[in-house]
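Hello,

Please have a look at the structure before reading on.

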Amino acid sequence: MAPKHWLAVLCLVAGVPLAAWGLANGSLLTGLAGLALVFGFLGLVFQWMAGAGKPMGAEGKIKPAANAAWSMKDQPANQHSKEK
């Protein structure tokens, strides 16, 4: 897993209990710190979801075909005969 993924997991694992404990005990500063970690987790997840559909690096680029279909528009289709 990438370091960003580990950071997201750490934000979630630390943020939820910290926010719950801080808000339950009336410690606003601790509760807000926990909520900030949870929102940081959500931000990292949304970044991952936004980039999930994009190709990664040079290996994800679409290579043009050697014999493009548009250049073959005037050629007849291959006729396969069943005679032998």
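Is the crossing of α1 and α2 left-handed or right-handed? The crossing of these two helices is left-handed (the near helix is turned anticlockwise from the far one by less than a right angle). Before more detail, please note that this is a predicted model, where local features need pLDDT of at least 70, side-chain atom pairs count only at pLDDT 80 or more, and totals for chains, interfaces and linings use all residues. Residues are numbered from 1 along each chain as its sequence is written, and side-chain values use heavy atoms, without hydrogens and water.

**The helix pair**

Helices here are DSSP runs (H or I, at least four residues), numbered from the N terminus. The axes of α1 and α2, fitted to C-alpha atoms over the stretch in contact, come within 7 Å and cross at roughly 150 degrees. The two helices are therefore roughly antiparallel (angles over 145 degrees, on a scale from 0 to 180 between N-to-C directions). By class, their contact has 17 nonpolar, seven polar and one charged residues.

L23 lies in helix α1 and is partly exposed, with a relative accessible area of 46% (between 20% and 50%, 1.4 Å probe, protein chains only). L23 and L35 are twelve residues apart in sequence and 9.6 Å apart in space, C-alpha to C-alpha.

**The pocket**

α2 gives the most to the lining of the largest pocket, with five residues. Among the lining residues are H5, F41 and W48 (lining means an atom within 4 Å of a point of the pocket, an open set on a 1 Å grid where a 1.4 Å probe fits, with protein on both sides within 12 Å along at least five of seven lines).

Best wishes

Technical notes
Angles under 35 degrees count as roughly parallel, over 145 as roughly antiparallel, 65 to 115 as roughly perpendicular and the rest as oblique. Ala, Val, Leu, Ile, Met, Phe, Trp, Tyr, Cys and Pro count as nonpolar, Asp, Glu, Lys and Arg as charged, and the others, Gly among them, as polar.
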